[in-house]
Amino acid sequence: MTNYFEKELYINPSLADAEGLLSRYETFNIFMDVADDHAGQMGVAWRHISPRNLFWLTVKTKIVFEDRPKLGDTVTLATWVEEPTKLRGDRSYEMRQGDKVLVRGKTEWAVLNTETMKLIPIMEVYPEGLDYSRPSACPEGFVRIKDRFDAADKYAEYTVRSTDIDIGHHMNNAKYVQALLGTFSNKELRELQPKSFDVIFRNSVYEGDVLNFYKQPGLEGGFDIRVARASDDMTALLVHME
């Protein structure tokens, strides 16, 4: 089976931000959806594996913006899976205009057995005969993010809404990013011009949970954000923005 999928995407108004460029948040949605397109072609999308009591878990996501397409542009989306370890597997993404790569990313996935609540080997899910020779879209890997923040560094909070909840009955992965970006004004985002996001998903949160946002300088430049449930200070999300 061919380990590659691509499609064209028109940047319509629902995908654009206040600057008339592809929204950073919507980019996470776009990559999530194209992953499902390819998984469906491979026969391993949620609709295929859920009868086996299996569920795809997003562990980490990295997105690097080399440039952002503008409203009205048409881009090519591409995705492929990288050779997995026993329990984890990376998926690469690219967004291109012609030969120019505008955005690249990768997600680390795992497969959960919802009956035993244990991870299963990914090779038990992937179809046989996949070609893993295509290089990673993000060979630099994921940034290391510290998980020790001073309580004084809290700068925002957010209550999880019904519209944040997905088919897994917890907050959707991309909705974390939407909430995170919403803690900054458009003026701040114009000044920051963040080019890369590393997002580590630690624990699920649910409708009604209140999330506290903490921010500190990153170990490798930029800054780190810790998102924790207010009720027990459980870390839900770690993010590095640069």
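My entries on pockets and the cavity follow.

I note that this is a predicted model, in which local features need pLDDT of at least 70, side-chain atom pairs count only at pLDDT 80 or more, and totals for chains, interfaces and linings use all residues. Residues are numbered from 1 along each chain as its sequence is written, and side-chain values use heavy atoms, without hydrogens and water.

Largest pocket. I took a pocket, on a 1 Å grid over the protein atoms alone, as an open set of points where a 1.4 Å probe fits, with protein on both sides within 12 Å along at least five of seven lines, and a lining residue as one with an atom within 4 Å of a point. I found about 950 Å³ of space in the largest pocket. Its lining has 36 residues, and Phe55, Trp56, Leu57, Thr58 and Asn173 are the closest to the centre. I traced two or more lining residues each to helix H1 (24-42), strand E2 (54-65), strand E5 (100-113) and helix H3 (173-181).

Second largest pocket. I read a volume of about 300 Å³ here. Of the 20 lining residues, Asp17, Ser23, Leu181, Asn186 and Leu189 are the closest to the centre, and H1, H3 and helix H4 (186-192) each give two or more residues to this lining.

Cavity. The largest cavity has a volume of about 140 Å³. Among its 13 lining residues, Phe28, Met32, Thr58, Thr61 and Thr107 lie nearest the centre.

How values were computed. Grid points are joined across faces, edges and corners, and a volume is the space filled by probe spheres set on the points. Helices (H or I, at least four residues) and strands (E, at least two) are DSSP runs, numbered from the N terminus.
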